[in-house]
Each structure stands twice: as structure tokens, then as C-alpha cells.
Amino acid sequence: MHQRRTKFARRVTHAANVIERRGVRATYRLHDRLLANRSARRRYDRDGGELDDTQAALLERLREEGFATIPIADLVGEERWQQLAAAAEAFVAETEEGLRREAAGEEGGLRRTAAKDFVVRRNAWGVQLSDDDPWLRAALDPTFLDLANAYLGLWSKLEYVDLWYTPPTGAEDRRASQRWHRDFNDRLLLKAFVYLLDVDEEAGPFEYVPGSFPGGPLGDLWPWAPGGTEAYPPAEEFDRRLADARVETFAAPRGTLILCNTAGFHRGGFARSKPRALATWTYASPAALKALSERNYTFTGDPTGLSPAARSAIA
Ligand SMILES: O=C(O)CCC(=O)C(=O)O
């Protein structure tokens, strides 16, 4: 009797999941084609902002390859990078102190999430951010936002802002996002990563398969779908089918910016003997926030000084 009920419960759960996924897909498609994204595209067409030559070159690379990289100081200027770097140093120092306390058996006050417990986060989920947050300000600045909006072809939403510190674990096997996967947050997705420490092979560099974004030459391999569940293809099959594919490994100095459509195949953070620290933020379409993902922060600042596109990004 108990076994029959368990089997029945499993079937009901499976059916509920299928129905939920269908609902998610339908909601996403409706908002992509007819509702939220349609009006965001209209607003971008009316007021998309002008890109300078550096932004235009990054956009071209993003469209061709799905990624683009540049020293962040070349994009925002040395002075602004130094301000961000100072905020970054405070995060790295606090995290390392917290890790020392944990190693001594004390409360470290560090934030982690269950799914990726190997990463210490400054914000994680449910945080309040104001316009005095340097990373939120950077993400809403036209330097980044106009580029993101041009890549996505609409007034995007700023979905996630965080700093990550990945201590070395000496682990033998990759876990979670250390393995090749697509992000299912959105098809129209742009993530920024700024290295806050020098990153070499031992610190778990970010890696990407160029052209693997949806619509790219390798976009049909385990393709992206709204509400998709096949984020992690089987490792052996992945290696076999992508044996001839180019892999971009971002072993690079502190201050390197990587922009990437992570709906394409990527992995990283497999820090073996050295720590990795980075700032990261994500732009997605309004449809994604309706159906596929959630913001990790609430904006609590005064939006009146922000541009219309920036106000829309946090709304
Ligand atoms: O930590 C990394 O380098 C990978 C990050 C990742 O998978 C993601 O942000 O979706």
C-alpha cells in the first residue's frame, strides 16, 4: 500500500512538473512575443543610446562569438576602476577574515547558497541595494547598460548583482556550474564578470564555447528552451560532440571584464589551489523576470537621478 502510494505521489509530482513547465514556457513566449519584451523593444528603438567605438567593437564581438573581453579600465577609465577596485578589496578582505574565523570553528558571517556552496557571496538573495552601491551604479551606467540593451535589442532588466569569492578546495571533481552548462534564465542574456584577483588555471577561470549561444552555430546542441531542464549535458557526450569546438579560457589578470551570453555553454570556478574573486551582474529581458527568474535584490534608492533606461532596468 505504502509503495503504491509512493509511486502514485511520484507520478503526480511528475505530472505537476510537466504542467508547470508548460505554463512557464507559455508565459515566457507570451511576454517575449506580445507583452513585456515587445514594449521593451519599442522603448529601445525609440531611445537606445549611442555606442562609442569601444562599445561598438564589444557589441560586434558579442554578436559573433557570444562573448567579449577588455580590461575594465579601458571601458570605464582608470579612476572609476580604482573606485570599484577599492570596494572589491574590502569584500575580499572581509571574506578572507570570515573564512579564517570559520577555519577556527567560529561563526564567519559568510553568505552562501545551497546550490553552489563553494562560492561565498556578498549579496546572495533578498538583499537591498541602493544607488550608493558601486556595482549597481556601474551596471546601470550607460557604459554597460547601453551595450547590454543593444545586444539584447530591448530595454533590459538588471536581474542580479553580486560579488563572489571562491576559496580553493583541492577537489578532484567539478560540481554544479564548474561543469559545462547553459543558463536557463533567458535566451536574451548578458552577464558581466570582472576579475577582482588575478585568475590562472589554478583559480578556476571562466570558460566559454564561442558560438554556442541560442541562434549561434553551436546553439542547437542540447538547445536552450524556456523552462529547460537539461542544463548539464553528460560530460563524456559533451566532450565527444564538442571535440573540435574552440574553448575560450579566461585566465587573465585582475581588472579583466568578460561579457558573455551564458545561455551558451560555459563553466568556471573550479578553484584548486588559488582563490578566485569576481564581481558579476546579469541583464535579461522583461519576459525572463515574468517567467524564468527572479531578481536577487530590491532597489531601495532614489531613482529620480537615473536615466529612463536605468529606471526601467531596476523596475
Ligand atoms: O563561476 C563561473 O565561472 C561560472 C559562472 C556561471 O556558471 C554562471 O554565472 O552562470
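## The ligand and its surroundings

In this predicted model, the shell around the ligand is made up of three nonpolar, five polar and four charged residues. Here Ala, Val, Leu, Ile, Met, Phe, Trp, Tyr, Cys and Pro count as nonpolar, Asp, Glu, Lys and Arg as charged, and the others, Gly among them, as polar. Among the shell residues are Trp164, Ser177, Lys191, Phe193 and Phe206, a residue being near if one of its heavy atoms lies within 4 Å.

Residues are numbered from 1 along each chain as its sequence is written. Local features need pLDDT of at least 70, side-chain atom pairs count only at pLDDT 80 or more, totals for chains, interfaces and linings use all residues, and side-chain values use heavy atoms, with hydrogens and water left out.

Two elements each give two or more residues to the shell: β5 (190-195) and β9 (266-267). Strands are DSSP runs of E with at least two residues, numbered from the N terminus.

Now to the sheet. Its six strands form an open, antiparallel arrangement in the order β1-β8-β5-β10-β4-β2, where pairing takes at least two DSSP bridges. The edges are β1 (67-71) and β2 (120-121), each pairing on one side only. β5 joins β10 (residues 276-284) through six antiparallel bridges, and Lys191 has Thr282 of β10 as its bridge partner.

Key. Helices (H or I, at least four residues) and strands (E, at least two) are DSSP runs, numbered from the N terminus.
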